[in-house]
Amino acid sequence: MPEIIPSKKDLNLVEEAKRLRKHQTPAEEKLWQAIRKRQLGGYKFRRQEINGPFIVDFYNHQNGLIIEVDGGVHLQQQEYDAARTEWLDAHGHVMIRFMNDEVLSHLEEVLKKIMQCLETINIS
């Protein structure tokens with residue numbers, strides 16, 4: 001079987017995902033500590049996961065759930081975020097977004113919302 005060689009763009013995404021894993025924001029780190037190792041309802045999440053042409057903050061493959069933790073920069077790139085969300089939705093994913101402050105100040109509420117979303121997906 002021939003070996004599939006990733007394109008240069010794919011290699012750039014892989015390197016960027018590695019970089020993002022090493023330099024998480026405080027909010028991303030706090031959420032990751034709460035959801036890693038199947039701590040949230042037994043669901044497995046990956047962080048800084050490549051999904052098509054994008055890197056998403058957290059991804060549950062089993063249910064197609066993407067969790068994004070947004071900081072102030074997202075206020076300046078709303079058009080890009082909308083196009084990105086549209087592409088991910090069109091490819092069967094469900095996205096839930098939280099602001100950094102929400103994760104840092106109200107983690108339990110964030111985790112409840114994530115579980116509600118996962119339960120809704122499982123009912124569908």
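1. The model discussed here is a predicted one.

2. The sheet is open and consists of four strands in the order β1-β2-β3-β4, with mixed pairing. β1 (46-51) and β4 (94-99) each have a single partner strand and stand at the edges, so one side of each is left without a neighbour in the sheet. From one strand to the next, the twist averages 45°.

3. Within this sheet, β2 (residues 54-60) and β3 (residues 65-70) are paired in the antiparallel sense, over three bridges. Y59 has I66 in β3 as its bridge partner.

4. Helix α5 (residues 107-123) lies across β2, β3 and β4, and it runs at about 170° to β4. The helix has 17 residues, and the distance from its first C-alpha to its last is 24 Å, close to the 24 Å expected at 1.5 Å a residue.

5. Which residues of α5 are buried? They are L107, V110, L111, I114, M115, C117, L118 and I121. These residues cover an arc of only 160° around the axis, which puts them on the same side of α5. An α-helix has 3.6 residues a turn, so residues three or four places apart point the same way. The cover over the buried residues of α5 includes α2 (26-35), β2, β3, β4 and α4 (100-105). On the face turned away from the buried side, α5 carries the exposed residues E108 and I123.

6. Is N63 buried or exposed? Residues under 20% relative accessible area are classed as buried, and N63, at 11% relative accessibility, therefore counts as buried. Leaving aside residues up to four places away in sequence, N63 touches Y43, L118, I121 and N122. Of these contacts, L118 and I121 are among the buried residues of α5. N63 and E119 are 56 residues apart in sequence, yet their C-alpha atoms are 9.6 Å apart in space.

7. Helix α3 (residues 78-90) has 13 residues, which should span 18 Å at 1.5 Å a residue; its end C-alpha atoms are 18 Å apart, in agreement with that value. After α3 comes G92, which has a positive phi near 85°.

8. The buried residues of α3 are D81, R84, T85 and L88. Seen down the axis of α3, they fall within an arc of 100°, so they line one face of the helix. What covers them includes β1, β2, β3 and β4. The exposed residues E79, E86 and A90 are carried on the face of α3 turned away from its buried side.

9. R84 may be examined individually. This residue of helix α3 is buried, with a relative accessible area of 4%. What does R84 touch, not counting residues up to four places away in sequence? The residues are F54, I55, V56, E68, M95 and R97.

Definitions and conventions. Residues are numbered from 1 along each chain as its sequence is written. This is a predicted model: local features need pLDDT of at least 70, side-chain atom pairs count only at pLDDT 80 or more; totals for chains, interfaces and linings use all residues. Side-chain values use heavy atoms; hydrogens and water are left out. Two strands pair if DSSP finds at least two bridges between them. Helices (H or I, at least four residues) and strands (E, at least two) are DSSP runs, numbered from the N terminus. Axes are lines fitted to C-alpha atoms, for helices over the stretch in contact, and angles run from 0 to 180 degrees between N-to-C directions. Contact means heavy atoms within 4.5 Å. The expected span of a helix is 1.5 Å times one less than its number of residues. Buried means under 20% relative accessible area, exposed over 50%, partly exposed in between (1.4 Å probe, protein chains only). The arc is that of the directions from the helix axis to the C-beta atoms.
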